[in-house]
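The following questions and answers examine a predicted model. They take up pockets, aromatic contacts, helix faces and backbone geometry in turn.

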Amino acid sequence: MSTVAGKLGAASSAEAVAPRRPNLLRRIADHRADYLYIAPALVVMLFVIAYPVWYTVELSFFKTPANLQMKDKVFVGLDNYAAILASKSFREVTLNTLIWTVASTFFAFMLGLGAALSLHREFAGRGLLRAILLVPYVVSAVAASYVWKWLYHSDFGAIGALAVQLGLTDRPINFLDNVDTVLPSLIVVNVWKEFSFAMVMLMAGLQTVPDSLLRAARVDGANEWQRFWHVTFPHLKNVSMVTLLLLMVANFNSFIIPYVMTGGGPAGASDIWITQIYNLAFGRQRYGVASAYSVILFVVMMTLGYFYVRALTKGDEARAAG
């Protein structure tokens, strides 16, 4: 009995004195020679990324003069942030941004998951169908926006004409000039453009599902849904998290489709953060307010980026702890 107690005590003591993982600064110091290899890239990033970010943050505390001379800008402190957060347009644009981001991300992921599961099976013509479903992702966003803009056209659009011929409506639907339909119409275009990316990511994840587990579940009498939920989906958790985060980041930064198709209209019904920032800066020359808007967006993007990096390094940390 005393021997067992001694072993348990020794094990607990060993766990208590287990060395901690060195902190970030210590790891940087230990590998300082390695940073010489990436020094040129770091210098370039300082000029093309760090300096613009710093200047944007600085400009967010100033009011742009009427003559647009930056040397005459006036320091206003946090007034730009206060004006943005207190404005009604900010709340409306934020709501549009959340609807745009959440809906686009959810439907693109679900459509991509369905396509990935379907294409994971063996059937004739699978390679051709994969190539066809990749077309939306490789098509230029500008070209796709103009094509869909004509498809949605209230007078000459193919979608409205088809709806009339099928008897779904008496007259062509006004998709882009109606405040109630413009944002859902743009979300459809964005989902069409993005679902191929989710499909490719999830198809890669499906390759990690062991066939032996699926066969064992089938032998045990599990139906198709049970095999998916208890065998396939657990192996897709990591890639699903990465895919969702990447889609959210892309949708928060999505500019081309809303700007080309509607410019944020009509009456701001399709205005999201990124188009609002562009219109404030280059349409109304309010660089200070636009910079403050950009800083708010930057904070949101950095938060999403943090969770993205955590999702990517989760396996590495588990292996290091082991």
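Q: How much space lies in the largest pocket?
A: The model is predicted, and the value is computed from its atoms. The space in the largest pocket comes to about 470 Å³.

Q: Which residues lie nearest the centre of the largest pocket?
A: The lining of this pocket consists of 15 residues. By class, 6 of the lining residues are nonpolar, 3 are polar and 6 are charged. Those nearest the centre are His-120, Arg-121, Leu-214, Glu-224 and Thr-232.

Q: Which helix supplies the largest share of the lining of the largest pocket?
A: Helix H5 (88–119), helix H11 (211–219) and helix H12 (224–252) each contribute at least two lining residues. The largest share amounts to 5 residues, and the helix that supplies it is H12.

Q: What is the volume of the second largest pocket?
A: The second largest pocket is lined by 13 residues, and those closest to its centre are Asn-190, Lys-193, Glu-194, Ala-250 and Ser-254. Its lining divides into 9 nonpolar, 2 polar and 2 charged residues. The volume of the second largest pocket is about 250 Å³.

Q: Which helix gives the most to the lining of the second largest pocket?
A: At least two lining residues come from each of helix H10 (182–206), H12 and helix H13 (256–261). The greatest contribution is 4 residues, and it comes from H10.

Q: How many aromatic pairs does a search of the whole structure find?
A: A pair is counted where the centres of two rings of Phe, Tyr or Trp lie within 6.5 Å. On that criterion, the search of the whole structure gives a total of 21 aromatic pairs.

Q: Is the pair of Phe-62 and Phe-75 stacked or edge-to-face?
A: The two ring centres are 5.4 Å apart, and the planes meet at 75°. Phe-62 belongs to strand S1 (residues 62–63) and Phe-75 to strand S2 (residues 74–75), so the pair links parts of the chain 13 residues apart. Planes over 60 degrees apart meet the criterion, and the pair is therefore edge-to-face.

Q: Which residue has its charged end over the ring of Phe-62?
A: Besides its pairing with Phe-75, the ring of Phe-62 has a charged group sitting over it. That group lies 5.1 Å from the ring centre and belongs to Lys-73.

Q: What is the angle between the ring planes of Trp-148 and Tyr-152?
A: Both residues of this pair are buried. Their rings are 5.6 Å apart, centre to centre, and the pair is classed as tilted. The angle between the planes is 50°.

Q: What arc do the buried residues of helix H4 cover around the axis?
A: Helix H4 (residues 79–86) has Asn-80, Tyr-81 and Ile-84 as its buried residues. These lie on the same side of H4 because of the arc they cover, whereas Asp-79 and Ala-86 are exposed on the other side. The arc is only 95°.

Q: Is Ala-267 buried or exposed?
A: Ala-267 is found in the loop between H13 and H14. It is not a glycine, yet its phi is positive, at about 55°. Its relative accessible area is 82%, and the cut-off for an exposed residue is over 50%, so Ala-267 is exposed.

Q: What is the relative accessible area of Gln-285?
A: Gln-285 lies in the loop between H14 and helix H15 (287–321). Just after H14, this residue takes a positive phi of about 55°, although it is not a glycine. Gln-285 counts as partly exposed, with a relative accessible area of 30%.

Conventions:
Residues are numbered from 1 along each chain as its sequence is written. This is a predicted model: local features need pLDDT of at least 70, side-chain atom pairs count only at pLDDT 80 or more; totals for chains, interfaces and linings use all residues. Side-chain values use heavy atoms; hydrogens and water are left out. Rings of Phe, Tyr and Trp (its six-membered ring) pair if their centres lie within 6.5 Å; planes under 30 degrees apart count as stacked, over 60 as edge-to-face and the rest as tilted. Buried means under 20% relative accessible area, exposed over 50%, partly exposed in between (1.4 Å probe, protein chains only). A charge sits over a ring if NZ of Lys or CZ of Arg is within 6 Å of the ring centre and within 35 degrees of the ring normal. On a 1 Å grid over the protein atoms alone, a cavity is a set of points where a 1.4 Å probe fits but cannot get out, and a pocket is an open set with protein on both sides within 12 Å along at least five of seven lines; lining residues have an atom within 4 Å of a point. Grid points are joined across faces, edges and corners, and a volume is the space filled by probe spheres set on the points. Ala, Val, Leu, Ile, Met, Phe, Trp, Tyr, Cys and Pro count as nonpolar, Asp, Glu, Lys and Arg as charged, and the others, Gly among them, as polar. The arc is that of the directions from the helix axis to the C-beta atoms.
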